[in-house]
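Here's a quick briefing to read alongside the structure. Have the picture open and follow along topic by topic.

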Amino acid sequence: MDSAVFACFAFYGSLLILKMYALAFITGQQRLRKKAFTNPEDAMRHGGLMYHRTDPDVERTRRAHRNDMENIYAFLFLGAVYSLTEPNLFIANVHFLVFFVARVVHSVAYMFAMKAPTRSLAYTIGQIPCVSIALQILVHAVAHW
Amino acid sequence: MDSAVFACFAFYGSLLILKMYALAFITGQQRLRKKAFTNPEDAMRHGGLMYHRTDPDVERTRRAHRNDMENIYAFLFLGAVYSLTEPNLFIANVHFLVFFVARVVHSVAYMFAMKAPTRSLAYTIGQIPCVSIALQILVHAVAHW
Amino acid sequence: MDSAVFACFAFYGSLLILKMYALAFITGQQRLRKKAFTNPEDAMRHGGLMYHRTDPDVERTRRAHRNDMENIYAFLFLGAVYSLTEPNLFIANVHFLVFFVARVVHSVAYMFAMKAPTRSLAYTIGQIPCVSIALQILVHAVAHW
């Protein structure tokens, strides 16, 4: 934590986790508002088994959340290891910031069903720093083996 | 690992991963017992393509597993970074223990389809230490930038 | 990163993340080629709402990707903590290599729908080093509490 790069990574990483928690919260609110429960026991508590059903808005939020798991969790590993390779603070910050902004735009584009290819573009831009970090780790790891 | 806080985190983290492996094992056993395979090649091996089908019990276990991915993986990042901020051992232990117990209760409530809101309550209680840790990391990161 | 064990772990971990990115890329290519989009806004951009549909190949790749999330993310936590327990380099390398090869075989077996139980066997073999690492962490953590 004494490392500025790691503090920077921990900052963006924690914000992205809170963003994911927000999607989980929205899913829960949508289930209650649209009365669409994936578990019979939840439907029973909220009016009956006819509410044991799917809803397009709930499914959309769940897709956004799954996409976050596919990408943000990978970033948390890559960013943590990258921080240990003593990268330049400015360059590391740019990597983290691009990913952070891209993922926030991705979530917003997903939730508001914005015109394609907004969401895909945000996804692709977010991948660039991740692949860059992965390659830098590989080079670094081979050198330290 | 010399840090008692990190040893404590590693202990609960590893147990939670083993808990997730248990859900994966249960999914596999349910697929064999209920003869419900998501891949045609698996159905072919176990009696024929009519067993290429879904099953409510299998889907329930998969939902429990996915919810673990949404929450336990986030905790593994948060807990690891938090351990590096030199928190008080007792307070850290309480954070980890509350999350651990809440997630075990969540899985049990899910698998036995316990009366709502048992499962949701366990989920919400497990979120409290996670959000607390995320906020503490943010404060710490800003101070060390 | 000065630790050879950690460099070794970071190497395999980054390759596995790149492998997961490859599955995400394949999913996207399959959606475009098979014209099967999960979001209406994507279907609209690629010909119309009739392409807002599912496709067995896309779903297969998504299952392979989800299985990776269930297993590779768990390994990233376990491997990182294990590296901090100062294990023997050769033994650690064997653990990481077995998992790495097993997961590559798992993905290949999944994508080509290879005859059962090829995929399940790869999955099971990959679990062995993970459970071994988890147990070693638990022993180590208890000793350092």
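Let's start with a term: two residues are in contact when they have heavy atoms within 4.5 Å of each other. By that rule, 30 residues of chain B are in contact with 32 residues of chain C. What you're looking at is a predicted model, where local features need pLDDT of at least 70 and side-chain atom pairs count only at pLDDT 80 or more, while totals for chains, interfaces and linings use all residues. Residues are numbered from 1 along each chain as its sequence is written, chains are lettered from A and ligands numbered from 1 in the order in which they are written, and side-chain values use heavy atoms, with hydrogens and water left out.

**Where chain B meets chain C**

- The area buried between chain B and chain C is about 2,700 Å², and carbon and sulfur atoms give 66% of it. Buried area is the accessible area (1.4 Å probe) that two parts lose on being put together, summed over both.
- Three salt bridges are counted between chain B and chain C. A salt bridge is a side-chain nitrogen of Lys or Arg within 4 Å of a carboxyl oxygen of Asp or Glu.
- One salt bridge joins the side chains of Arg119(C) and Glu41(B), at 3.8 Å from N to O.
- Seven residue pairs are in polar contact across the interface of chain B and chain C, both residues being at pLDDT 80 or more. A polar contact is a pair of N or O atoms within 3.5 Å; within protein, one must be able to donate a hydrogen and the other to accept it, and residues adjacent in sequence count only if both atoms are side-chain atoms.
- On the side of chain B that touches chain C, α1 (4-34), α2 (40-45) and α3 (56-83) of chain B each supply at least two residues. Helices here are DSSP runs (H or I, at least four residues), numbered from the N terminus.
- α1(B) gives the most to that side of chain B, with 15 residues.
- By class, the side of chain B that touches chain C has 18 nonpolar, six polar and six charged residues. Ala, Val, Leu, Ile, Met, Phe, Trp, Tyr, Cys and Pro count as nonpolar, Asp, Glu, Lys and Arg as charged, and the others, Gly among them, as polar.

**Where chain A meets chain B**

- Here 30 residues of chain A are in contact with 32 residues of chain B.
- About 2,700 Å² is buried between chain A and chain B, with carbon and sulfur atoms giving 65%.
- Chain A and chain B share three salt bridges. One of them links Glu41(A) to Arg60(B), at 2.8 Å from N to O.
- Arg119(B) also meets Glu41(A) in a salt bridge, at 3.8 Å from N to O. That pair crosses between chains, from helix α5 (residues 118-143) of chain B to helix α2 of chain A.
- Buried or exposed, what is Arg119(B)? Arg119(B) is buried, because its relative accessible area is 13% and buried means under 20%, with exposed over 50% and partly exposed in between (1.4 Å probe, protein chains only).
- Glu41(A) counts as buried too, at 10% relative accessibility.
- Put together, Glu41(A), Asp42(A), Arg60(B) and Arg119(B) are linked in a network of salt bridges.

- Over all chains, the structure holds 27 salt bridges.
- Arg60(A) forms a salt bridge with Glu41(C), with the closest N and O atoms 2.8 Å apart. This pair runs between chains, from helix α3 of chain A to helix α2 (residues 40-45) of chain C, and both Arg60(A) and Glu41(C) are buried.
- Within chain B, Lys19(B) and Asp68(B) pair up at 2.4 Å, N to O. They link distant parts of the chain, helix α1 and helix α3 of chain B, and sit 49 residues apart. Lys19(B) and Asp68(B) are both buried.

**The core and a loop**

- The largest nonpolar core has 96 residues, and Phe96(A), Phe96(B) and Phe96(C) have the most contacts inside it. A nonpolar core is a set of buried Ala, Val, Leu, Ile, Met, Phe, Trp, Tyr and Cys residues joined through side-chain atoms within 4.5 Å.
- Leaving out residues up to four places away in sequence, Phe96(C) touches several residues, including Val5(C), Phe75(C) and Ile133(C).
- Leu84(A) lies in the loop between α3 and α4 (89-111) of chain A, and it counts as partly exposed at 41% relative accessibility.
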